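Below are some notes for a colleague who is opening this structure for the first time. They are set out as numbered points, to be read beside the sequence and the 3D view.

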Amino acid sequence: MPRPTLEVADIFRAHGAAWRAANVGHISLNQMKVMSAIERCRTAALGGHVARCEDCAHEHIAYNSCRNRHCPKCQSSAAKAWLAAREAELLPVRYFHLVFTLPKPIADIAHQNKRALYNLLMRASADTVIKIAADPKHLGARVGITSVLHTWGSAMTHHPHVHMIVPGGGLSADGSEWIACRRNFFLSVRVLSRLYRRLILEGLAKLHKAGKLHFFGDHAELDDRAAFDTFLQPLRKIDWVVYAKEPFAGPKAVLAYLSRYTHRIAISNSRLIRFDARSVTFRVKDYRLKGTGRHTTMTLATSEFIRRFLIHVLPKGQHRIRHYGFFGNGNRAANIARIRHLLGAKTPDQSRDDDDNHGNSDEPPRVLALPCPCCGGQLIIVETIAPAQYPRAPPATARAAA
């Protein structure tokens with residue numbers, strides 16, 4: 001894939017310093033680190049490698065990636081590694097796609113309490129599906145869930161929601177059989193929505209009582225418990241959006257979806273069109289419309305573009321991808337093996353791994369992932385470039401002279 005002509009890194013390098021200076025005291029350390037990582041990604045600052053084509057002897061310099069999870073350039077390789085592990089766990093059943101969103105008033109609170117509300121959103125949505133699925137009136141089975149947290153809309157506004165991938169069925173209570181759901185129906189969206197609403201509102205009340213919510217600006221009055229209860233009251237009477245999409249057409253379609261969604265960030269470089277000191281123009285999609293009209297462009301002030309990008313920086317240690325039910329990390333492998341046995345499915349062939357551990361013990365030459373730009377041949381790494389060294393403080397003589 002050709003490199004995009006415009007990148008978020010270009011915008012940060014050109015205007016990031018001025019934006020940081022204008023917003024001193026309003027930027028978190030985590031956001032600063034993300035900006036720095038993106039600005040330095042694949043530059044001499046991080047070092048790199050010199051590679052030579054084994055066919056045409058062309059030499060190519062490739063600088064190292066920052067590997068930051070918010071960097072538009074570093075998510076492709078991370079997604080490939082994650083997907084390779086997930087491919088071995090796919091079950092030969094239909095998969096369903098659910099989306100859980102938050103009403104705007106609660107999304108506004110989440111903007112000021114990201115860690116607490118994001119954790120509540122992911123936990124409540126998973127508990128909703130697990131509890132309804134376990135009810136004999138609905139499915140009567142223990143299901144498995146892969147949840148992916150997204151915090152943005154197409155215009156990079158704050159829109160926290162969870163994409164959930166669920167196999168169409170689950171294990172019986174005693175684990176002795178696989179209980180499949182109906183072909184094109186998993187669980188009632190209306191029932192899911194009501195339980196999800198109750199769990200979120202109960203969770204908010206507990207967080208407020210424990211003093212774990214903080215309010216600023218127009219929401220400062222919500223520190224008072226009575227005001228907070230009044231604020232939540234209208235939300236108890238409206239329908240909350242839980243959306244069930246068409247089931248996937250087989251395991252390969254699940255992988256294709258996951259490859260697009262699991263490691264996605266607020267905006268990809270491919271959506272950028274142009275920028276200057278005053279504005280940034282990029283492509284957006286209006287999901288409320290159908291046809292060609294849903295694809296359009298948006299222009300934001302450069303400072304606003306940077307602000308919107310950074311509001312989606314997750315709190316340190318916040319997991320964006322989580323597994324629940326029989327996909328829980330503690331006993332995932334045993335559960336998947338059990339389900340495959342019940343379904344009469346073959347276990348993925350491990351012979352390739354065995355072959356890798358035998359044969360020639362000599363370490364193979366290191367190669368770059370990309371092909372030679374001249375002939376398409378394999379690029380063999382022949383030299384390592386050390387990262388650029390940046391002094392943490394001026395030399396002692398300079399300080400003394402000052």
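1. A place to start is Asp10, which counts as partly exposed at 22% relative accessibility. The model is predicted. The side chain of Asp10 meets that of Arg13 in a salt bridge, with 3.5 Å from N to O. Arg13 is partly exposed as well, its relative accessible area being 37%. Both residues belong to helix α1, and because they are three residues apart there, about one helical turn separates them.

2. Glu7 and Lys73 form another salt bridge through their side chains, at 3.1 Å from N to O. This pair links distant parts of the chain: Glu7 lies in the segment before α1, while Lys73 sits in the loop between β2 (59-63) and α3 (75-87), 66 residues apart. Are the two partners buried or exposed? Glu7 is buried, with a relative accessible area of 2%. Lys73 is buried too, at 14%. The cut-off used here for buried is under 20% relative accessible area.

3. The structure holds ten salt bridges. Side chains of opposite charge can pair when their charged atoms come close. One of the pairs is Arg52 with Glu59, whose closest N and O atoms are 2.6 Å apart. Arg52 is partly exposed, with a relative accessible area of 34%, and Glu59 is also partly exposed, at 44% relative accessibility. Elsewhere, Glu304, Arg307 and Arg308 are linked in a network of salt bridges.

4. Next, the sheets. Five strands make up an open sheet, ordered β8-β3-β5-β4-β12, and the pairing is antiparallel. Why is one side of β8 and of β12 left without a neighbour in the sheet? β8 (242-244) and β12 (321-325) stand at the edges and each has a single partner strand, so one side of each has no neighbour in the sheet. From one strand to the next, the twist averages 25°.

5. At one end of this order, strand β3 (residues 95-101) is joined to β8 by three bridges, and the two run antiparallel. Val99 stands opposite Tyr243 in β8. Helix α8 (residues 251-261) packs on the sheet and touches β3, β4 and β5; its direction makes about 155° with that of β5. Helix α5 (residues 114-134) lies across β3, β4 (144-152), β5 (158-167) and β12, running at about 30° to β5.

6. There is also an open sheet of three strands, in the order β9-β10-β11, with antiparallel pairing. Its edge strands are β9 (272-275) and β11 (295-301), and each of them pairs on one side only. On average, neighbouring strands of this sheet are turned by 25° against each other, direction ignored.

7. Phe275 is opposite Val280 in β10. Helix α1 (residues 8-22), the helix of point 1, packs on this sheet and touches β9 and β10; its direction makes about 20° with that of β9. Helix α9 (residues 302-310) lies across β9, β10 and β11, running at about 105° to β11.

8. Which residues have the most contacts inside the largest nonpolar core? They are Ile106, Val129, Phe186, Tyr196, Ile200 and Leu204, in a core of 46 residues. At least two residues of this core come from each of β3, α4 (104-112), α5, β4, β5, α6 (189-209) and α7 (225-232). α5 gives the most, with ten residues.

9. Not counting residues up to four places away in sequence, Val129 touches Leu98, Phe100, Val143, Ile145, Met164, Phe186, Leu187 and Leu192. A second, separate core has 28 residues, among them Phe12, Trp19, Ile27 and Cys71.

How values were computed:
Residues numbered from 1 in each chain as written. Predicted model: local features only at pLDDT ≥ 70, side-chain atom pairs only at ≥ 80, totals over all residues. Heavy atoms only, no water. Pairing = 2+ DSSP bridges. Helix = DSSP H or I, 4+ residues; strand = E, 2+ residues; numbered from the N terminus. Axes fitted to C-alpha atoms, helices over the stretch in contact; angles between N-to-C directions. Contact = heavy atoms within 4.5 Å. Core = buried A, V, L, I, M, F, W, Y, C linked by side-chain atoms within 4.5 Å. Buried < 20%, exposed > 50% of the residue type's maximum accessible area, 1.4 Å probe, protein only. Salt bridge = Lys/Arg side-chain N within 4 Å of Asp/Glu carboxyl O.
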